[in-house]
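Work through the exercises below with the sequence and the 3D view at hand, trying each task before reading its solution.

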Amino acid sequence: MNIQPSLPFSGEPLYVGTFWAVFVLWNGAELILNTRRQSATADARDRGSFTVLVLILGIAFSLAFAFALLLPGAAIASAARPLFIVGICCVLAGTALRWYAVVTLGRYFTVDVVTQASQPVVDVGPYRHIRHPAYAGLLLSLIGLGLALGNWPGLLAMLLLPGSALGYRIAVEEAALLSTLGEPYARYMRRTWRLIPYLF
């Protein structure tokens, strides 16, 4: 039987059910982070980056689902089944990486950009080689959802729009950390990568 590219809306029940189960799991994990871990002492250092990220994510998801539904001609027709599986694995791996980063950061994790002069430069676990593993995990999950939707414009929307918002968020966060932690964080920046080791 042929799998329809717009998997959330048509296709084999196993694939439809798998997509929505993984989507609900990912969304639930994000809701836990974004509602239970907000800092009560957030200040202007955030510069609206969290709001920008949330809005851009909403737009990206809206476009990705709309493209999958309305542009069947732009479906990733070849290798639909393997790409769906790869996409689901990316969502799960990205969610695991994001939570690994959050647990490693511990009490210093907040969804707002907040720094404390007493906080150390965390350079263990996923922070050993990349400075923003939580964002890397988020982007990996979003790419996975785009692959699972099986539509080229949708995949681009899930990559480019959140990628630009995360770029702004990272710039804001690194500026705040540099101003608060100074040279120790500058040294950490010089020996690590932002999101992907040896690439970026």
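**Exercise 1.** Determine how H2 and H4 are oriented relative to each other, and which residues bring them together.

*Solution.* In this predicted model, begin with the two helices themselves: H2 covers residues 49-70 and H4 covers residues 133-149, and they pack at an angle of about 15° with their axes 10 Å apart. Angles under 35 degrees count as roughly parallel, and H2 and H4 are therefore roughly parallel to each other. Next, look at the sense of the crossing, which is right-handed where H2 passes H4. Finally, list the residues that meet: H2 contributes Leu53, Leu57, Phe61, Ala64, Phe65 and Ala68, while H4 contributes Leu138, Leu142, Leu145 and Leu149. Sorted by class, this contact of H2 with H4 holds 10 nonpolar residues and no polar or charged ones.

**Exercise 2.** Work out the orientation of H4 and H5, and describe the make-up of their contact.

*Solution.* Start from the geometry, in which the axes of H4 and H5 come within 8 Å and cross at roughly 170°. An angle over 145 degrees counts as roughly antiparallel, which makes H4 roughly antiparallel to H5. Then turn to the residues: on the H4 side the contact includes Tyr135, Leu138, Leu142 and Gly146, and on the H5 side it includes Met158, Pro162, Arg169 and Glu173. By class, the contact of H4 with H5 has 13 nonpolar, two polar and two charged residues.

**Exercise 3.** Decide how H5 lies against H6, and name the residues involved.

*Solution.* The angle between H5 and H6 is about 135°, and their axes are 6 Å apart; that makes H5 oblique to H6. Glu174, Leu177, Leu178 and Leu181 of H5 make the contact with Glu183, Pro184, Tyr185, Ala186 and Met189 of H6. Taken by class, the contact of H5 with H6 has seven nonpolar, no polar and two charged residues.

**Exercise 4.** Describe the largest pocket by its volume, its lining and the residues nearest its centre.

*Solution.* First, the volume: the largest pocket holds about 780 Å³ of space. Second, the lining, which is formed by 40 residues, with Arg98, Phe109, Thr110, Tyr135 and Arg169 lying nearest the centre. Third, the elements that each give two or more residues to this lining are H1 (13-36), H2, H3 (80-105), H4, H5 (152-181) and H6 (183-190). Last, the classes: the lining has 27 nonpolar, seven polar and six charged residues.

**Exercise 5.** Locate Ala74 and find which residues, more than four places away in sequence, Ala74 touches.

*Solution.* Ala74 sits in the loop between H2 and H3. Although Ala74 and Trp152 are 78 residues apart in sequence, their C-alpha atoms are 5.9 Å apart in space. Leaving out residues up to four places away in sequence, Ala74 touches Asn151, Trp152 and Pro153.

Note on methods
Residues numbered from 1 in each chain as written. Predicted model: local features only at pLDDT ≥ 70, side-chain atom pairs only at ≥ 80, totals over all residues. Heavy atoms only, no water. Axes fitted to C-alpha atoms, helices over the stretch in contact; angles between N-to-C directions. Parallel < 35°, antiparallel > 145°, perpendicular 65-115°, else oblique. Left-handed = near helix turned anticlockwise from the far one by under 90°. Contact = heavy atoms within 4.5 Å. Nonpolar A, V, L, I, M, F, W, Y, C, P; charged D, E, K, R; others polar. 1 Å grid on protein atoms, 1.4 Å probe; cavity = no way out; pocket = protein on both sides within 12 Å on 5 of 7 lines; lining within 4 Å. Points joined across faces, edges and corners; volume = space filled by probe spheres on them.
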